[in-house]
Amino acid sequence: MSAHAQLDAAIAHHRSGQLDAAERGYRSLLDIEPGHPDALHLLGVTVGQRGQLAEALRLIEEALARRPGVAAYHGNRGEVLRKLGRNDEAIVALLKALELDPTLATAHNNLGMIQFQRGRADLAVASFQQAIRLRGDFAIAYVNLGDALQVLGRLKETEQAYRKALQIEPDNPWVHTYLGHVLVELGDIRQLDEALDHCRRGCALLPREGKAHTNLGSVLSAMGRTEEALVSFHRAIELDPTLSVPWNNIGQVEQQLGRFDAARAAYERALALEPRNPRYHANLGDLLAEQHRDAEAVERYQAALRCDPNHAEALTGLSIVFTTLGRRAEARAAIEEAVRRHPTRPAPLVASARFLAEEGDFERSCAQARAALALRPSAADAYFLLAMNLRDRLPDAELEAMMALLDQKYLGDYSLAALAFGVATVLDGRGRQDEAARFFDTANARQAAARARRGEDFNLERNLRDVDETIASFTPEVLQALRGRGNPSLRPIFVVGMPRSGTTLIEQVLASHPDVFGAGELTDVLSLAREISGVPESPAVLVRTLRLLDPPSLRALADRYIHRLETLDRSAKHVVDKMPGNYMYLGLIAALWPGARIIVSRRDPRDVAVSCWSTYFGALRWANDFRHIAEQIIQHDRLIAHWKTVLPAPLIEVSYEALVTDFEPQARRLIEAVGLPWDPGCLEFYSLQRPVRTASLKQVRQPVYTKSIGRWKHYQTALAPLYETFARHNQPLERPAPEPPRHGLSTW
């Protein structure tokens, strides 16, 4: 056989994947012609494919010494150098190959791989695209292009690249699992069945590859099949203990299920394997934020940004936590940076839409929500924001799209709840209350189901026990014993009451006064109570610990809150803390800040109940069921009655109905009651430019109106459980109006 025929036979074996036969053929030819350049070069490629990189480099360089002008030799030398980690030399070799032959597709592809490894996905995309232009059937270049596009967040183009690779190599198992994964990342629930098919095929072809099982788990998790997803992730770890991604994904599933300790442990395992991965730091930040451990969350997001200053999830999460902490300038900077750097990602756009709505910029908020929907048509949170911003003015096409989305499978309960609350709110605004009631029922049922799966359903017995224990523990004798130990500052004004009872309106009126700053709903009092009594909180333990603390220690606790108010505003005479649930802690407030004014907002319990039931609350576990709402109102009233008898300073009670029907006289009395001179600006509270983070963010930017009085009459049928609960407790639904606010409050 001639040398030419021997070389052709060896190449045929090589192309068919028969590396042993190919190697024998090349070596046999070299035995006859020891310096044959093509045989040296191709033998080098063969042993390189076996992982013998040093020997591969030696053989290819020997071929180059004999024939230095062959572009393919330089190109394959560059690929071996890349695999050896000698990227600078590899780039020189690849550029030399392209100088000799600009049409060498493999050199463009390999140059793109180096650029990708160096974090220049943008340059890599250009190289892969050039390789594809030169060789349209270059499957691996399409795969590499998809990988680079995915890093850049261009997920739709990633999908297209992987689909093209599959057209060329229909049985490529890696492309199946990659395509399944990116279909999940795209977030289009209509593609989840296809994603599952691809990932299952990938696992069937790669049964012992941990990455394939990881991607299968991601699809199952997106479908809500969380236990099956966990099985896949643990199988992936069993097959390859060096993988970090399945640990991260386990953390996300455990967090979704409300198993926070298990979630944190999983995230930490992922970080132990890959400590510089920004996504894992950001996910741990999300977990800490959900646990209201805001300072720790900030640290984690900042750690993520040290790994990648442009990380979308970290910037978005940081913005949300900064907003919670009242650091709005920093929050604005973070979310604007996230949107600027990642305009094709829905999550930053939705977060931006929410932030803008809180600022009162509803036009831009709607624009951001619609931009998110253009990218992800199933983004329920974006539709919810549109519905809340526009209410009865939501275009019919968007309302119909929301209704259609409610029928989609694989949309999780929280997303379905958001959609149903949004649809119901629009219908309610249009006067279609019978239809709205059905959607409110659906919304509350979905939210309650999601909470139950996380073990977060409302514990009626514990709630009753906490109220009983608070009443038994905070006696006049206890409060007298604590007298004089707190901080006597007059700055704090606490506005408390049932949610949706008018607390936001009261705060807005107060904050319209030049001597008052509205801080919104601060969690500091709750955090302080938990710090003193432990979690879960115990009123008896809280009182016992307060009595055991020496005066300097108690004063230090009180001073911390006053300092917190200073960080929010340094100039205003008063700062309003409008956390409605602080009514549980009025004894603690009286002990720590005896100079504070305490305002209780009152409203017809039927309107409170309907408003709570029709609001998408994130934290209130009792708001999905009228029976639970009724119990909460009754226990709230019991506790307020107790505080009125034991607190040394009178509460300022404000009737929502009186405030909106007789606005100026009531507003004047309110301002007088907190010890301030009247200011006409309080009449134009709706003009005040300040962020509002409650469900009333739209209403408080409108002049006072009375249409919410008696709203309950539209939902008489739905209210039946409330009536039954009030009757069982012998509680009247009609309440006498509270006494008008009065001045001359005593402090102690």
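**View 1. Helices H4 and H5 pack against each other in the predicted model.**
Two packed helices are described by the angle between their axes and the distance between the axes. For helix H4 (residues 53-66) and helix H5 (residues 71-83), the axes come within 10 Å and cross at roughly 155 degrees. Angles over 145 degrees count as roughly antiparallel, and H4 and H5 are therefore roughly antiparallel to each other. H4 passes H5 in a left-handed crossing. On the H4 side the contact is made by Leu53, Ala56, Leu57, Ile60, Glu61, Ala63 and Leu64, which meet Tyr73, His74, Asn76, Arg77, Val80, Leu81 and Lys83 of H5.

**View 2. Helices H9 and H10 form another packed pair.**
Here helix H9 (residues 139-151) and helix H10 (residues 155-168) pack at an angle of about 165 degrees, and their axes are 8 Å apart. H9 and H10 are therefore roughly antiparallel to each other, and their crossing is left-handed. From H9, the residues Ala139, Tyr142, Val143, Leu145, Gly146, Asp147, Leu149 and Gln150 meet Leu155, Glu157, Thr158, Ala161, Tyr162, Lys164, Ala165 and Ile168 of H10. The residues of this contact between H9 and H10 divide into ten nonpolar, three polar and three charged.

**View 3. Strand E3 pairs with strand E1 and with strand E2.**
In a regular strand the side chains alternate between the two faces of the sheet. In strand E3 (residues 574-577), His574 and Val576 point one way while Val575 and Asp577 point the other way, and all are buried. Strand E1 (residues 492-497) pairs with E3 in the parallel sense over three bridges, and in this pairing Pro492 stands opposite Val575 of E3. Strand E2 (residues 516-518) also runs parallel to E3 and is joined to E3 by three bridges, with Gly518 standing opposite Val576 of E3.

Although Gly587 and Phe474 are 113 residues apart along the chain, their C-alpha atoms are separated by 6.3 Å.

Conventions:
Residues numbered from 1 in each chain as written. Predicted model: local features only at pLDDT ≥ 70, side-chain atom pairs only at ≥ 80, totals over all residues. Heavy atoms only, no water. Axes fitted to C-alpha atoms, helices over the stretch in contact; angles between N-to-C directions. Helix = DSSP H or I, 4+ residues; strand = E, 2+ residues; numbered from the N terminus. Parallel < 35°, antiparallel > 145°, perpendicular 65-115°, else oblique. Left-handed = near helix turned anticlockwise from the far one by under 90°. Contact = heavy atoms within 4.5 Å. Buried < 20%, exposed > 50% of the residue type's maximum accessible area, 1.4 Å probe, protein only. Pairing = 2+ DSSP bridges. Nonpolar A, V, L, I, M, F, W, Y, C, P; charged D, E, K, R; others polar.
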